[in-house]
Amino acid sequence: MTGFLNVAGALLLVLGSTIVALAGIGILRLADPFMRMHAATKAGVVGVGLMLIGIGCLLGTVGSLLTALAAIGFLFLTSPIASHMLGRAAYISGAPLSPETIRDALEGVLPRQVVDISPGRTVRRRRVRADAPFDQLTDHQRPAKEAGMSIVPMREQGESLRSASGAEVDQGAAAIRHLTVWLAGGPAQPAASRLALQIARSGSANITALSAIEVATTPQAEAVPLGGGYWARWRNDQQRLKARAAAANALSEFEAMAGELQVRTTQRHEEIDLANLPAVAAGCDLIVVPAGQDPRGMPCEPPFELAAVVARSGMGPVLRVSRRPLHVRRIGLLVDGNPLSGRLAQTLIHTGLWRDAAVSVLAIGDHRRSVQQFVSGQTELLRSHGYTVAAPASLRLSCELEEIDEVTRPLDLLVACSLGRRRASGWFEALRVDIHAAAARHVPLTLLP
């Protein structure tokens, strides 16, 4: 009996290891992640299951066989759920389908990133009227609708231009002689382009439309299966093509707006690495950037936006536009212990814009001496330049979202040193609400030094 168990155990080990080896070859050779997932599940259930039974036979005890059967039962219970969740995540995130795929059974059932559709497949976009119900809007129109932005075609928006320009823009606008508007695409791009053109027109400033696309020399760092380097490079190429298309579309809209406003503009296109970013937009008084887009032209959270990257490079004041307010009547300076908080008033004064607006100095943690000094010094500086400064308000370091909304929602412009923390610096910091990011989500305009 012992000899029979040894022979059976050895055969099962050989058979199981062979299946695992074939599954490894399949992971290397199969075309897309969904085909490779089939090979991986065979290795995890069939191959490992046979090897476990083989080991139980070689050990020859009842306990070892029961342990092997329990492990196999656990694999049968967890492997289908894990593979289903991985496949769903891969499909939604845009993992490429092989061109040999005959039919996409999940098309229209689950949302899917368009950028990663396989080269052998095409995407047909539905043309939907801008006044259609919310559930009939496209994926590109819904974020603008939720943010309260108009999605009326550009030629219909021209009628509201004069009422939106406002008297605040032309007062002191001579301080800006050259400004740059970044054509990053996204739902906020029309608002950013129109606001930049209005500022340039009212102050007779030169305006440059800049489209700068980040070009990575290596594939984007992300978890890819073995043998997926080709698809990682293809993904980067597709993202670059999508960024170029978004920039071209934004440029055509910008040129139409410039012709409507009769503003002379210049255009510039760059494909660079982020290390060379300061050399791209140097030599301008103000950089206008649409909100919600990262340097690769993808939607992201405020701390990772293009506006935050440009501000950190130190090229000059950055005006982040999420939507275009009719008038800028209320401005808030968000002051904390960051050394850049001492430059917020100077940044606002340097622009020469919105001098008739009421300014509120919002202190974060005013119990700290450095914050008190920042608040008092900048309050006096703003008053000496003719700004109307309201009584300072304060926010607790551990305040909740409701408190931030109550204080910042009435603002039309937020002057802050950053758009939020890129990463939490500690366990307690991770639990705190990011005040800068929460405020930037509600305020239409954000000025960064």
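This is a predicted model: local features need pLDDT of at least 70, side-chain atom pairs count only at pLDDT 80 or more; totals for chains, interfaces and linings use all residues.
Local features were taken at pLDDT of at least 70 and side-chain atom pairs at pLDDT 80 or more, while totals for chains, interfaces and linings use all residues. Residues are numbered from 1 along each chain as its sequence is written, and side-chain values use heavy atoms, without hydrogens and water.

In soluble globular proteins, nonpolar side chains tend to be buried together. A nonpolar core is defined here as a set of buried Ala, Val, Leu, Ile, Met, Phe, Trp, Tyr and Cys residues joined through side-chain atoms within 4.5 Å. Buried means under 20% relative accessible area, exposed over 50%, and partly exposed in between (1.4 Å probe, protein chains only). The largest core has 48 residues. Those with the most contacts inside it are Leu319, Ile331, Leu333, Leu348, Trp354 and Leu413. Helix 7 (residues 189–203) gives the most to this core, with 7 residues. Helices (H or I, at least four residues) and strands (E, at least two) are DSSP runs, numbered from the N terminus. A second, separate core has 17 residues, among them Ala184, Val289, Met315 and Leu448.

Contacts (heavy atoms within 4.5 Å) were listed for leucine 319, leaving aside neighbours within four places in sequence. Its partners include Leu195, Ile199, Leu286, Ile287, Val288 and Val289. Trp354, Leu413, Leu445, Thr446 and Leu447 are also in contact with leucine 319.

Tryptophan 354 lies in the loop between helix 10 (344–351) and strand 7 (358–364). Its phi is positive, near 55°, in a residue other than glycine. Tryptophan 354 is buried, at 2% relative accessible area. Glutamine 262 also has a positive phi, of about 60°, and is not a glycine. This residue sits in the loop between helix 8 (229–261) and strand 3 (265–272). Glutamine 262 is exposed, with 73% relative accessibility.

Valine 62 belongs to helix 3 (residues 62–93). It is exposed, because its relative accessible area is 62%.

The disulfide count is 0, with a disulfide taken as a pair of cysteine sulfur atoms within 2.5 Å. Cysteine 284 is buried, at 12% relative accessible area. Cysteine 300 is partly exposed, at 23%.
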